[in-house]
Amino acid sequence: MAYFRSLPRIEDLLALFKKQERWLIAINADPDALASAMALKRIMVHRVQDVGIAHVNEISRPDNLEMIASLRIPTRRMNPNYTAQFDRFALVDSQPHHHKDFAGLRFSIVIDHHPRSTENPVDADFVHIQPDYGSNSTLLTEYLYNMDIRPGKFLATALQYGIKTDTSSFERAFCEADLRAFQYLNKFADALLLRKIYRSEFQLEWLRYFCQAYFKMRVIGDGLFAFLDHVESPDILVLLADLFLRVQGRSWTAISGIVDDKAVVIFRGDGLRRDMGKFAQRCFADVGSAGGRVNAARAEVPVSAAQDEPSVEAFVWKRLHTKRKRPQKPAPEAPAQNQ
């Protein structure tokens, strides 16, 4: 019995590859995108002259940095001088309208699992968008399987981590193919490497924020709130919001801080009593970007929006108490990464 369905358009994909051409795989780097890029590079590597991987975003999460280092993923920051070295471009785990830095590239391949946008149709020689899949790594695993390419240890571990993160260890929406892919990859992946990557959650210098958050923690109904002043990365707020949600009897958290000139609020919830995406929109959509899913959301507001309040912390605290609906901006279309 085959693990996966047959993919009828594989010949169309392979027909794009020419020995004399150099390809660049563009990503908005997170574990699923990194793993997908590794898989597509494996498919291309003996069929074209050269394959590069480039990311458009800053990579700062410790687990992502550990993934790149441990699995030896050769990605580098995209810039015009680098893209000029390539003939053709592929995009995985994103669509061209998801990031402004994708706009200047003419993509020949787009393989993604995020929903299509009617306002931004994808124009490429080969397009495969599978929005019912929990992870793009599942889709690339199907391509490898259909091409009889056995994933090596590093690639299989990367694809497993991509599935694990994008399905939140199968707590978010997923399909049977995601489960099958994770099971199939288990034969080739390194469980110790996988554990090393997902346990790399903190940088040493971030530990001081845990102490600060504990002493600044405030109870708000059945939730917890903390404001951390200036932080070097929103990822710190994400980690603390996840950690505080583990407190017994608390159903949601909102951890906030200032990053550059923005107040960032990270929401986490148990998904049972309150929709965090709607909560974030109700509190902040009239003054910035706000939205997300039922159990994870994020708001980013210019610090200048708090000019009439004694402090940014007071502004955020006051907004969290509001029950009044405010005018909302349209929700962003870009995929939520590491919300």
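User: In this predicted model, does Lys262 count as buried, partly exposed or exposed?
Analyst: The relative accessibility of Lys262 is 37%. Buried requires a value under 20% and exposed a value over 50%. Lys262 therefore counts as partly exposed.

User: Which residue meets the side chain of Lys262 in a salt bridge?
Analyst: The N to O distance of this salt bridge is 3.6 Å. Lys262 lies in strand 10 and the partner in strand 12, so the pair ties together parts that are 38 residues apart in sequence. The partner is Glu300.

User: What is the relative accessible area of Arg88, and is Arg88 buried or exposed?
Analyst: Arg88 forms a salt bridge with Asp125, with the closest N and O atoms 2.9 Å apart. Asp125 is in the loop between strand 5 and strand 6 and Arg88 is in strand 4, so parts 37 residues apart in sequence are tied together. Asp125 is partly exposed at 41%. Arg88 is buried, at 16%.

User: Which residues are linked with Asp125 in a network of salt bridges?
Analyst: Asp125 pairs with Arg88. Arg106 also forms a salt bridge with Asp125, the closest N and O atoms being 3.7 Å apart. The residues linked with Asp125 in the network are Glu21, Arg88 and Arg106.

Definitions and conventions: Residues are numbered from 1 along each chain as its sequence is written. This is a predicted model: local features need pLDDT of at least 70, side-chain atom pairs count only at pLDDT 80 or more; totals for chains, interfaces and linings use all residues. Side-chain values use heavy atoms; hydrogens and water are left out. A salt bridge is a side-chain nitrogen of Lys or Arg within 4 Å of a carboxyl oxygen of Asp or Glu. Helices (H or I, at least four residues) and strands (E, at least two) are DSSP runs, numbered from the N terminus. Buried means under 20% relative accessible area, exposed over 50%, partly exposed in between (1.4 Å probe, protein chains only).
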